[in-house]
Amino acid sequence: YLIPFLLEIHSQAYGLEKGLEMLRPSLVMSPHNINILAALGYITKKLHIPSVLLSHGSHVSHDDKYCEKEHEILAQNILVGDYTYYAVQSPYARALIFKMTGDLSKVVCIKPILWGNSIIKRLKNDSAPFTIVHAGTYKLRHHRRYIYETSDEFLRGITELADIVAPYPNFKLIFKLRKDSNELSVETIKSLLPKSDNIVIETELSFLEVLKEADLVVSFSSTTIEEALANKVPVLLYGGLGRYSHIPAEPFSPDENDAKMAVTFVKDKKDLKKYFAKLNDMMGSFFVPDEYFKAHCFGDNDVVDFNNWAMNIIQN
């Protein structure tokens, strides 16, 4: 199986190089550094054509050896490569590049453009419920990775969340699900969640539309985490049996930690129950100051306008 694959890549790369030699584009952009798109980076470098790798993923530097290795593997596929520039959308991605390469000279910091587009929050009256949005994506069993949930873990996490939130009339819980679930259909998930007026399953609206309603986003490992933080919506990290905190954080302690944090990591159902009890007690006063989000997002002075930057490359 390997030889036909290599021959196909070789043939594609040869055609790609000849095409680029004839076209001589002013700038090449790619969201991946894998298969023929890895060859694209190499060829543009060889032909001295400016190129930029613009990752669509969430990349975080971790000290845990298993988390670190998996993030590095993902980064080699979509964050770093032979491209002239790396356009990064978060401080976490920039830190991972520096950890892997020791060099930031190729990094261009930009506001999120592939995820995290700015939203305008919907105005709420005082009687509106506190809206919790769960948005995550599990991975298939044969794609098992340490930093992602399996379908079993995903189901366990959302049922635990639903069981805890359902008794609180002040809370509204929205599960943002994809229609194309593989190992779990939407119908199956509906049948296993508790029947409650304050629990909603959403499959039609985009995540950004749902995010406009959110007071809190719950996820395990997803770009939705950084999308929420970019829009100053606090995040609760929960799932995967508590083995992993996508944004590195100490586990929530009901006796020591305030619930008013930009990122909160809860390890188990017992502490999740205590977290929402504390959250319920502060209804009407829950507010996370903007400065709490600064560590998770680029500020205006940290970034360049990507359109202007790209046009400058093209014109020169």
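The model is predicted. The protein has 10 helices and 10 strands. Its radius of gyration is 22 Å, close to the 20 Å that the globule rule gives for 316 residues, so the protein is as compact as a globular protein of that length.

**Overall fold**

- The C-alpha trace spans about 65 × 50 × 35 Å along its principal axes.
- Buried residues make up 47% of the 316 in the protein.
- Among contacts with a separation of 6 or more, 69% join residues 24 or more positions apart.
- The protein exposes about 16,300 Å². Carbon and sulfur atoms supply 52% of that area.

**Helix 1 against helix 2**

- Helix 1 covers residues 2–23, and helix 2 covers residues 36–46.
- The two pack at an angle of about 40°. Their axes lie 10 Å apart.
- The crossing of helix 1 and helix 2 is right-handed.
- Helix 1 contributes Ile9, Gln12, Ala13, Leu16, Glu17 and Leu20 to the contact.
- Helix 2 contributes Ile36, Ala39, Leu40, Ile43, Thr44 and Lys46.
- By class, this contact has eight nonpolar, two polar and two charged residues.
- An α-helix has 3.6 residues a turn, so residues three or four places apart point the same way.

**Helix 5 against helix 9**

- Helix 5 runs over residues 151–165, and helix 9 over residues 269–281.
- Their packing angle is about 35°, with the axes 10 Å apart.
- Helix 5 passes helix 9 in a right-handed crossing.
- From helix 5, the contact uses Glu160, Leu161, Asp163, Ile164 and Val165.
- From helix 9, the partners are Lys269, Leu272, Lys273 and Phe276.
- The residues of this contact divide into five nonpolar, no polar and four charged.

**Helix 4 and its cover**

- Helix 4 comprises residues 91–101. Its buried residues are Pro91, Tyr92, Ala93, Leu96 and Ile97.
- The cover over these buried residues includes two helices: helix 3 (65–78) and helix 8 (223–230).
- The cover also includes strand 3 (85–88) and strand 4 (107–109).
- Gly102 follows helix 4. The phi of Gly102 is positive, near 70°.

- Thr264 lies in strand 10, residues 263–265. Thr264 counts as buried because its relative accessibility is 4%, under the 20% cut-off.
- Beyond its neighbours within four places in sequence, Thr264 is in contact with Val235, Leu236, Leu237, Phe252, Ala259 and Tyr275.
- Thr224 is found in helix 8. At 9% relative accessibility, Thr224 also counts as buried.
- Leaving aside neighbours within four places in sequence, Thr224 is in contact with Ala135, Phe207, Val217 and Ser219.
- Thr224 and Leu208 are 16 residues apart in sequence. Their C-alpha atoms are 9.1 Å apart in space.

- Most residues other than glycine have a negative phi.
- Asn35 is not a glycine, yet has a positive phi of about 55°.
- Asn35 lies in the loop between strand 1 (28–30) and helix 2. Asn35 is partly exposed, with a relative accessible area of 44%.
- Lys232 is not a glycine either, and has a positive phi of about 55°.
- Lys232 sits in the loop between helix 8 and strand 9 (235–237). With 44% relative accessibility, Lys232 counts as partly exposed.

**An exposed histidine**

- His142 lies in the loop between strand 5 (130–135) and helix 5.
- His142 counts as exposed because its relative accessibility is 61%, over the 50% cut-off.
- His142 and Ser245 are 103 residues apart along the chain. Their C-alpha atoms are separated by 22 Å.

Definitions and conventions: Residues numbered from 1 in each chain as written. Predicted model: local features only at pLDDT ≥ 70, side-chain atom pairs only at ≥ 80, totals over all residues. Heavy atoms only, no water. Buried < 20%, exposed > 50% of the residue type's maximum accessible area, 1.4 Å probe, protein only. Helix = DSSP H or I, 4+ residues; strand = E, 2+ residues; numbered from the N terminus. Contact = heavy atoms within 4.5 Å. Axes fitted to C-alpha atoms, helices over the stretch in contact; angles between N-to-C directions. Left-handed = near helix turned anticlockwise from the far one by under 90°. Nonpolar A, V, L, I, M, F, W, Y, C, P; charged D, E, K, R; others polar. Rg over C-alpha atoms; globule rule 2.2 N^0.38 Å. Areas by Shrake-Rupley, 256 points an atom, 1.4 Å probe, with all protein chains shown as cover.
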